[in-house]
Amino acid sequence: MFFFGYLLSTAECLAGLAGFTSANPYTQEELNAISSGFPESIKNYRDAMRQNVIMLSRYGKSQNPEFIIMTHEGQKLLDNGIWEFHLDDYNKSRQNGYSSDRDTLLLNPVEIQNKKIENLMPKYRQSIDVEVINNLFCKNQSINSKINIPLMSIEQCSADKLDDAVKSSARNKIPTYIFSNPKFAFKDATNQLLVNENAKNIEKIDQAKNILFLLDTSKFKNKEDYLRDIERSNFDVVVISPFFQGKALRKEDVNRLKYKRNGTLRKIIAAMNISETDSDKYYWQPEWKIGSPTWLKRASFVDKKGIIVEYWSEEWQKIISDYFKGIIAQEFDGAFLTGLDNFQYFENLTPLD
């Protein structure tokens with residue numbers, strides 16, 4: 001067992017945040033593969049992602065019962081999607097020796113409707129404390145009352161919609177990080193809009209009224225300037241990388257951030273992508289490249305340097321487990337898990353629905 005908090009690493013790479021950055025679209029080969037034939041059996045990519053979240057949550061809460069698990073854009077994992085129903089029927093049909101013609105293997109809409117649908121996967125739902133949704137207010141999305149999990153949001157609004165989004169956030173009591181110009185987003189605390197300032201202690205995550213995401217440290221000359229920028233803010237929840245420009249933060253660094261400028265307690269959360277990696281990570285091996293090891297699957301859609309992995313790989317699960325243990329050793333209050341939507345890439349290569 002080892003903790004990355006005590007290792008030197010190469011330069012930190014800011015991973016793109018799904019929904020707000022874009023890079024490396026589908027290749028022609030992938031588009032061709034989408035319309036090709038089907039294998040004898042197909043993995044449930046959605047459930048494999050759920051299992052990784054459950055694994056990390058169980059360990060985190062075994063070490064600290066108050067450890068917070070926040071998931072980004074993971075709401076589709078809360079439902080048994082139509083793709084999963086098709087997959088179940090497809091695999092059973094294959095096992096029974098039925099035709100490989102896709103149309104003969106899949107449920108029709110009436111059959112899907114008649115199937116017992118279990119909304120909100122219970123084990124997955126119980127493993128997370130907050131779901132973070134993109135543009136809940138700027139795009140006027142409806143709030144699914146069945147989720148029954150505290151929500152937060154990240155909003156990119158045009159200037160004319162900014163005030164309405166702020167009011168909607170306050171009215172719905174959903175902590176929101178909001179910006180208009182992506183050029184200045186995620187880069188500091190001082191220049192970010194603090195929506196619904198709060199002078200109370202944040203002892204539980206559901207007490208938070210506002211949130212800051214500071215995921216890009218490039219503007220800071222040194223770690224001390226970075227830490228002071230956060231210290232001088234009154235955000236209830238602050239989400240940051242567990243690294244500062246290539247070096248892991250010490251637990252002393254993390255703990256000094258747990259007080260707002262007004263002296264009350266807040267929560268400090270570590271950002272962690274559970275389905276992507278890049279060559280700047282401390283565990284990266286010089287000989288690695290896309291396809292070698294085989295679980296390094298393809299370039300990220302949102303991060304120019306990132307690589308999507310086969311996140312069900314045992315080797316990858318060992319890597320993220322050790323990474324997660326490092327976050328706990330640094331004494332973060334919780335983890336902000338990103339990359340959950342990458343299951344859709346693997347599903348899209350096998351379009352069953």
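Reply: Two strands count as paired if DSSP finds at least two bridges between them. The model is predicted.

Start with strand 13. Strand 13 covers residues 334–338, and five of its five residues are buried. The cut-off behind that word is a relative accessible area under 20%. Both faces are covered. G334, F336 and T338 lie on one side. A335 and L337 lie on the other. All of these residues are buried.

Now its partners. Strand 9, residues 267–273, runs parallel to strand 13, and five bridges join the two. Two of the facing residues can be named on each strand. I269 has G334 of strand 13 as its bridge partner. A270 stands opposite A335 of strand 13. Strand 1, residues 68–72, also pairs with strand 13. That pairing is parallel too, over four bridges. Here I69 stands opposite A335.

Seven of the seven residues of strand 9 are buried, so strand 9 is largely enclosed by the rest of the structure. Its side chains split by direction. K267, I269, A271 and N273 point one way. I268, A270 and M272 point the other way. All are buried, K267 and N273 included. Strand 9 has a further partner in strand 6, residues 237–240. Strands 6 and 9 pair in the parallel sense over four bridges. Within that pairing, V238 stands opposite I268.

Next, the chain before strand 13. Helix 10 covers residues 314–329. At 1.5 Å a residue, its 16 residues should span 22 Å; the end C-alpha atoms are 23 Å apart, which agrees. The N-terminal end is capped by S313. A side-chain oxygen of S313 lies 3.2 Å from the backbone nitrogen of E315. After the helix comes E331, with a positive phi near 70 degrees.

Much of helix 10 can be listed as buried. Its buried residues are W316, I319, I320, S321, D322, Y323, F324, K325, G326, I327 and I328. An α-helix has 3.6 residues a turn, so residues three or four places apart point the same way. Take S321 in helix 10. At 18% relative accessibility, S321 counts as buried. Leaving out residues up to four places away in sequence, S321 touches M55 and L56.

Y59 sits in helix 2, residues 45–63. With a relative accessible area of 28%, Y59 is partly exposed. With residues up to four places away set aside, Y59 touches F324, K325 and I328. Y59 and F324 are 265 residues apart in sequence, yet their C-alpha atoms are 9.0 Å apart in space.

Residues 24 or more positions apart account for 75% of the contacts in the protein with a separation of 6 or more. The protein has 11 helices and 13 strands. Buried residues make up 52% of its 353 residues. Its accessible surface comes to about 17,000 Å², and 48% of that belongs to carbon and sulfur atoms.

Three strands form an open sheet in the order 10-12-11, with antiparallel pairing. Strand 10 (276–277) and strand 11 (296–299) stand at the edges, each with a single partner strand, so one side of each is left without a neighbour in the sheet. Strand 11 and strand 12, residues 307–309, pair over three bridges. There A299 has I307 of strand 12 as its bridge partner.

Last, the covalent link. The count comes to one disulfide, judged by sulfur atoms within 2.5 Å. C138 and C157 form it, with their sulfur atoms 1.4 Å apart. The pair links distant parts of the chain, 19 residues apart. C138 lies in the loop between strand 2 (130–134) and strand 3 (151–156). C157 lies in the loop between strand 3 and helix 7 (162–172). The torsion about the S-S bond is about -95 degrees, so the disulfide is left-handed. Both C138 and C157 are buried.

Terms used: Residues numbered from 1 in each chain as written. Predicted model: local features only at pLDDT ≥ 70, side-chain atom pairs only at ≥ 80, totals over all residues. Heavy atoms only, no water. Buried < 20%, exposed > 50% of the residue type's maximum accessible area, 1.4 Å probe, protein only. Contact = heavy atoms within 4.5 Å. Expected span 1.5 Å × (residues − 1). Polar contact = N/O pair within 3.5 Å; in protein donor to acceptor, adjacent residues only side chain to side chain. Areas by Shrake-Rupley, 256 points an atom, 1.4 Å probe, with all protein chains shown as cover.
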